[in-house]
Amino acid sequence: MAMTRRQRLMATLTGQAVDRPPVSFYEIGGWRLDCDNPDPYNIYNGPGWRELIDLAEQQTDIIRMTGPREHPTGDNPRDEFFTTENWTEGASQFGRTTLRIAGRQMHSTWRRDRDVNTTWTPEHLLKDLDDIKAYLQLPAEVFAPGRIDVGNLLDAEKTLGEAGIIMVDHGDPICGVAPLFSMEDYTVLALTEPALFHKLMEQAAPSCYSRVEQIAKAFPGHLWRVVGSEYLSEPFVPPRLYREFLYNYTKPMCDIIRKHGGWPRIHSHGRLRGILGMIAEMADGLDPCEPPPQGDMTLSEIRLAAPEMILFGNIEASDIENLAPGLFEDKVRRAIEQGPDKNGSRFVLHPSACPYGREITRRTMTNYQTMVRVVDSLTG
C-alpha cells in the first residue's frame, strides 16, 4: 500500500520501511514561493517557475523549511548600537548597517540584483583586531533572543497535513560569527587568533542555545536543518579547527534538539571526508551529500562511513540545470541505489540547491520531472 507523503518522511527519519525513497526539491516546496507577487525582485514570477512550484507542491515529499516568530521583549538595547538604512539604485537593492561602540564606527553593506535571488556582501562589519575587540564589548543583552512564538509552525503543520513535514531552519553559533568577516579574514583569524575567535564564539553561543531550547521545547519531535558547518570545513580550514570551533559549539545545540525528540540535520556543502565522523557524532541527518568533484566522497562511501545517518542528496543543482536528461537520469538512479541504508530507508533524493535565476528552462524542468518519475516507478 502506498504511504502518504508525511508517513513516508516520518518512516525515513525513524529508519522504518518505506514504499519508495522520498523525493524533495529542497527550497522548492521547502519554501512557500509566490508566483503571483508582482514585486520586481521576486524571481518566482518569471517564466517556468509556476509549473515547477506546482510539481513540487503536488508530487514531492514536502519538507517545509521555516522558523518561529520572535517578538521583541522591549529591553534589548540593540538599537543603541546598530542602525540600518536601505535604498534602491537602478535594478539593485542595497542596505547598510552601522555599529557604533567603544569610540569606533563600523559598517557592513549588502546588495541584491533584480534577476538573481542572491544577496552579496560587498563590505563586512569587522575588518581588523580593533574592530573585533570593540565588538566584544557589546552587552550580552544585545544578542538575547526575543519571545519565541511557534504558533506559525503549528499552523503550517496543520495546513500541510499529509503532504509532508515541517523542518525548523536555524543557524548554529558560527553563523553569528563568520558573516561578520570576509571569508579570508575569518579563516585567518581562526588560524592565527584562536583565543579571540573563541571569545566571539562564546559571545554568540548562549543566545543560540537559548533560542533553540525555547523552540525545541514548544515544538518537539521535528526535523531541524542546522546551518553553518561549511564555514569551518575544508578547504577553508583544517579538520582540527572544525572540531574546535564547530563541533564543540554545535553539538550542544544538537543535543538540545535531541533532548526534545527532534532530529538535527547538518547542512554542509563540499568536502566531508575529514569531518564526517564529527558530523555523525553530532547529528542524525546530513545534506546535501554533494558528489565529486563538488564533494570528496561518493554517496556509497558516505553511507558506509555513516550507516545510521539520514542522508539527503546527492543531486547537484548544476546537473539539474545543465545535464542532458539521459545522463541526469543515470545520476538519479545511482543515488537511489547508493543512498538508502541496509533496510532501504534513511535516504531522501534531494538536490544541493535550487535555481536562483528568473527563468526555468525546459531542460531544468525535464530533469526535475525525472526525479519524480523515477521514484514513483519504485512504489510497490
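Is Phe94 buried or exposed? Phe94 is buried, with a relative accessible area of 17%. The model described here is a predicted one.

## Overall form

The chain contains 13 helices and 13 strands. Its radius of gyration is 21 Å, close to the 21 Å given by the globule rule for 380 residues, so the chain is as compact as a globular protein of that length.

Of the 380 residues in the chain, 51% are buried. Contacts between residues at least 6 apart in sequence can be sorted by separation, and 71% of them join residues at least 24 apart.

## The four-stranded sheet

Four strands form an open sheet in the order E3-E4-E5-E6, and their pairing is antiparallel. The edges are taken by strand E3 (82–89) and strand E6 (119–123); each has a single partner strand, so one side of each is left without a neighbour in the sheet. From one strand to the next, the twist averages 20°.

Strand E4 covers residues 92–101 and runs antiparallel to E3, to which it is joined by eight bridges. Within this pairing, Glu89 stands opposite Ser92 in E4. In a regular strand, side chains alternate between the two faces of the sheet.

## Aromatic pairs

There are six aromatic pairs in the structure. One of them is formed by Phe25 and Tyr368, which are tilted, with 4.6 Å from centre to centre and 55° between the planes. Phe25 lies in the loop between helix H1 (5–14) and helix H2 (27–30), while Tyr368 belongs to helix H13 (residues 362–376), so the pair ties together parts that are 343 residues apart in sequence. Phe25 is buried, at a relative accessible area of 0%, and Tyr368 is buried with a value of 0%.

Trp87 and Phe94 make another pair, with ring centres 5.7 Å apart and planes at 10°, so this pair is stacked. Trp87 counts as partly exposed because its relative accessibility is 26%, a value that falls between the 20% and 50% limits. Phe94 has 17% and is buried, because the limit for a buried residue is under 20%.

## Charges over rings

Two arginine side chains can be described together with tyrosine rings. The charged end of Arg114 is placed over the ring of Tyr41, at 5.4 Å from the ring centre. For Arg243, the charged end sits over the ring of Tyr247, and the distance to the ring centre is 4.6 Å.

## Strand E12 and its partner

Strand E12 spans residues 310–315, and six of its six residues are buried, so the strand is largely enclosed by the rest of the structure. Strand E11 (residues 285–287) pairs with E12 in the parallel sense, over two bridges.

## Asp319 in helix H11

Helix H11 runs over residues 317–322 and includes Asp319. Which class does Asp319 fall into at 13% relative accessibility? Asp319 counts as buried. Apart from neighbours within four places in sequence, Asp319 is in contact with Phe328, Lys331 and Asn367.

Key. Residues numbered from 1 in each chain as written. Predicted model: local features only at pLDDT ≥ 70, side-chain atom pairs only at ≥ 80, totals over all residues. Heavy atoms only, no water. Pairing = 2+ DSSP bridges. Axes fitted to C-alpha atoms, helices over the stretch in contact; angles between N-to-C directions. Buried < 20%, exposed > 50% of the residue type's maximum accessible area, 1.4 Å probe, protein only. Contact = heavy atoms within 4.5 Å. Phe/Tyr/Trp six-rings, centres within 6.5 Å; stacked < 30°, edge-to-face > 60°. Lys NZ or Arg CZ within 6 Å of the ring centre and 35° of its normal. Rg over C-alpha atoms; globule rule 2.2 N^0.38 Å.
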